[in-house]
Amino acid sequence: MDAVSDVSPGSSATSPPPERPRASAASGRAAPTGAAATARPLYVTGLVGALWCIGIGLAVLTTVTLVGWIAAPRTALGAGMPGVFRTAVTFWLVSHHAGFSLEHGRVGLLPLGPLVIPGALLYRSGGWMIRVGGMRRRPRAAVARVSVALAVPYALLAGLLALAASAPVITPSAWQAVVACFVVALVAGGLGAARSVVAHIAAGRRVRSGLGALLRLLPERAGSLVIGVAGALAVLLASGAVLVGASLAAHVREATRLYDMLAPGIVGGVLLLLIELAFLPNAVIWGMSYAVGPGFSVGAGTSVSPTGVFLDVVPAFPPLAALPEPGPAPLASLPALIAPFAAGAVGGVLMVRSMPSRASETAPLWGFLTGALTGGVAALLAALSGGPIGGGRMATVGPSPWRVGLLAALEVGISAAIAAWAANALILRRSEEAPSERAARRRRTKARPKPLKRVKRRRPEPVLAEPAAQAAPTPPEPAAAPPAAAPRPGAAPEPPVPPHGPDPLEFEEAEPVLAPRRTARSRPGAVDPLPGLVDLVDEPDPGPPPAAAAEPAEAEPAAEPYAPEPRSPEPDRPRSRDGGASEPRERTENRGGAIYVLKDDVLKDDADTDR
């Protein structure tokens with residue numbers, strides 16, 4: 001907060017993050033480095049912001065004044081360029097609602113519309129000071145310090161400009177310039193600083209307005225009062241705007257006649273339109289004063305109120321054509337008297353909803369306080385919207401501040417008290433009934449039967465039809481298989497069962513049709529034509545059969561996996577008795593799913609002979 005960087009208020013860039021302080025070996029304290037070493041005090045930053053706001057405001061108003069000086073008679077806005085500059089400075093002070101004096105009296109009826117220009121600049125400058133200077137642990141104190149640091153040099157510079165612009169014809173009021181500029185800078189700069197503080201705390205979330213940001217920084221009760229006053233004042237100003245718009249629409253012909261009588265021309269017409277827009281907020285406040293009851297005056301001895309309209313000679317200003325005709329008040333304007341009571345009801349309800357009262361007796365008091373504060377603000381607005389225009393008959397123009405404030409406080413305060421009491425009682429009743437309602441709701445929920453859950457059936461996926469020639473019948477799903485027996489030692493492991501369903505094409509092992517043939521070892525003198533394929537056992541070559549009786553056969557070893565061996569040379573085929581070779585006999589056997597064709601070379605006669 002006490003240091004800022006060399007960034008202009010108009011730029012959106014902020015100061016770079018300061019470097020970490022380095023500890024000094026001599027003192028043991030942190031020595032400032034980087035941006036902190038070139039820091040400036042807060043009042044210097046406020047002076048920079050004040051100069052920036054004053055420079056831009058004067059540049060805009062000087063441009064408008066110079067255009068009018070060229071288009072209009074040159075003596076009307078000053079003689080020469082120094083006169084144009086004095087006139088521009090006077091207009092800049094008028095935009096802050098600082099009056100000036102003429103030869104025939106003081107001018108206090110000032111437009112409120114130009115207040116937007118310096119207010120927007122000061123609002124932006126306050127936010128800039130918070131962004132470049134940083135924020136400490138106390139955001140409220142930071143907002144107060146920034147607003148004061150901006151308002152003090154701004155008011156002093158405005159006083160110097162008022163003294164510099166003094167002339168025999170027009171003399172701005174220096175004390176009014178200092179007071180008015182200080183208040184405007186304090187309020188606008190404070191709102192801008194509050195918005196920047198809340199935006200910094202909200203970590204990037206958007207903050208809509210400075211008033212909404214200020215409500216977050218105020219205590220709860222003060223914030224609720226501000227909300228109630230703002231709501232009531234909005235209803236009052238809306239009723240005044242409706243009255244002014246309806247009356248101006250009804251007297252548009254009179255306004256056109258006044259405009260034609262002035263004949264300002266093209267450039268003068270544009271300047272006249274700007275002046276009318278500048279006085280539009282004054283007209284809305286006058287309509288609010290009419291709705292409250294006291295009304296307003298347009299010169300000495302005149303009155304425009306719901307009790308009657310008394311007018312004299314009116315200046316030739318087109319917006320004044322909206323004034324009603326002298327005599328009784330128009331009947332169409334009488335419903336506007338309901339506006340203060342509606343404003344009180346809205347303000348009381350908003351205040352209570354923002355922060356209800358625990359005791360029913362205190363809610364009406366807070367509601368009446370809301371109405372009293374609304375009356376004070378209405379009186380301030382009435383004072384700012386009116387004032388004298390020279391001396392003589394036009395010394396009194398506008399509403400009476402104390403009358404408007406008093407009636408607004410009573411009307412708005414009473415209705416706000418009643419509305420706050422009713423709204424607070426309703427909120428307390430709901431809060432008391434809430435636990436019982438919750439318990440009853442829970443009992444009803446428990447007693448209510450639970451609805452059946454509907455299960456959504458999944459549609460079967462479409463299956464592509466296969467041709468009839470290729471399609472195979474799908475076998476039925478097999479029943480639960482019994483637990484598999486333990487594998488036999490030495491047997492080959494069974495292949496794993498696939499996770500999907502059974503294969504529609506299955507091959508069954510054919511049953512053996514022929515009995516197993518006798519092995520060559522069991523028959524003496526016989527030679528096995530396919531050694532190694534019968535017993536699947538590695539054996540040496542048996543050689544020629546012995547003449548004597550065969551030795552007893554040895555026990556066969558355990559079967560081993562099949563291993564192919566080189567085939568031995570085929571022995572000589574036995575011959576028959578007549579010396580010719582005997583024809584072999586053929587037969588088939590099914591071994592392991594394969595069909596073998598075997599030829600037996602030994603005849604029965606040969607077997608008998610061997611015996």
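Modeller: Of the 611 residues in the protein, 33% are buried. The model is a predicted one. The protein has 14 helices and 11 strands. Among contacts with a separation of 6 or more, 70% join residues 24 or more positions apart.

Colleague: Why is Gly-375 called buried?

Modeller: Buried means under 20% relative accessible area. Gly-375 has 2% relative accessibility, so Gly-375 counts as buried. Gly-375 lies in helix α12, residues 362–385. Leaving out residues up to four places away in sequence, Gly-375 touches Gly-405, Ala-408 and Ala-409. Gly-375 and Gly-405 are 30 residues apart in sequence, and their C-alpha atoms are 4.4 Å apart in space.

Colleague: How do you know that the length of α12 agrees with its number of residues?

Modeller: At 1.5 Å a residue, the 24 residues of α12 should span 34 Å. The end C-alpha atoms of α12 are 35 Å apart, so the two values agree. The buried residues of α12 include Gly-367, Gly-371, Ala-378 and Ala-382. After α12 comes Gly-387, with a positive phi near 150°.

Colleague: What makes β4 and β5 edge strands?

Modeller: Three strands form an open sheet in the order β4-β3-β5, with antiparallel pairing. In that sheet, β4 (105–107) and β5 (171–172) each pair on one side only, and they are the edge strands.

Colleague: How do you know that β3 and β4 pair?

Modeller: Two strands pair if there are at least two bridges between them. Strand β3, residues 100–102, and β4 have 3 bridges in the antiparallel sense, so they count as paired. Ser-101 stands opposite Arg-106 in β4.

Colleague: Why does Gln-176 count as buried?

Modeller: The relative accessible area of Gln-176 is 14%, and the limit is under 20%, so Gln-176 is buried. Gln-176 is in helix α5.

Colleague: Why is α7 called roughly perpendicular to α10?

Modeller: Two packed helices are described by the angle and the distance between their axes. The axes of helix α7 (residues 220–250) and helix α10 (residues 280–292) come within 7 Å and cross at roughly 105°. Angles of 65 to 115 degrees count as roughly perpendicular, and therefore α7 is roughly perpendicular to α10. Residues making the contact include Leu-236, Leu-237 and Leu-243 of α7, and Val-284, Ile-285 and Tyr-290 of α10. By class, this contact has 12 nonpolar, 3 polar and no charged residues.

Colleague: Is Ser-333 buried or exposed?

Modeller: Ser-333 is buried, because its relative accessible area is 10% and buried means under 20%. Ser-333 is in the loop between β8 (308–310) and α11 (339–354). Apart from neighbours within four places in sequence, Ser-333 is in contact with Leu-243 and Tyr-290. Both of these residues also belong to the contact of α7 with α10.

Colleague: What makes Ala-278 a buried residue?

Modeller: Ala-278 is at 12% relative accessibility, so Ala-278 falls under the 20% limit and counts as buried. Ala-278 is found in helix α9, residues 265–278. Leaving aside neighbours within four places in sequence, Ala-278 is in contact with Pro-111, Leu-112, Gly-113 and Pro-114. Ala-278 and Pro-111 are 167 residues apart along the chain, and their C-alpha atoms are separated by 5.4 Å.

Methods. Residues numbered from 1 in each chain as written. Predicted model: local features only at pLDDT ≥ 70, side-chain atom pairs only at ≥ 80, totals over all residues. Heavy atoms only, no water. Helix = DSSP H or I, 4+ residues; strand = E, 2+ residues; numbered from the N terminus. Buried < 20%, exposed > 50% of the residue type's maximum accessible area, 1.4 Å probe, protein only. Contact = heavy atoms within 4.5 Å. Axes fitted to C-alpha atoms, helices over the stretch in contact; angles between N-to-C directions. Parallel < 35°, antiparallel > 145°, perpendicular 65-115°, else oblique. Nonpolar A, V, L, I, M, F, W, Y, C, P; charged D, E, K, R; others polar. Expected span 1.5 Å × (residues − 1).
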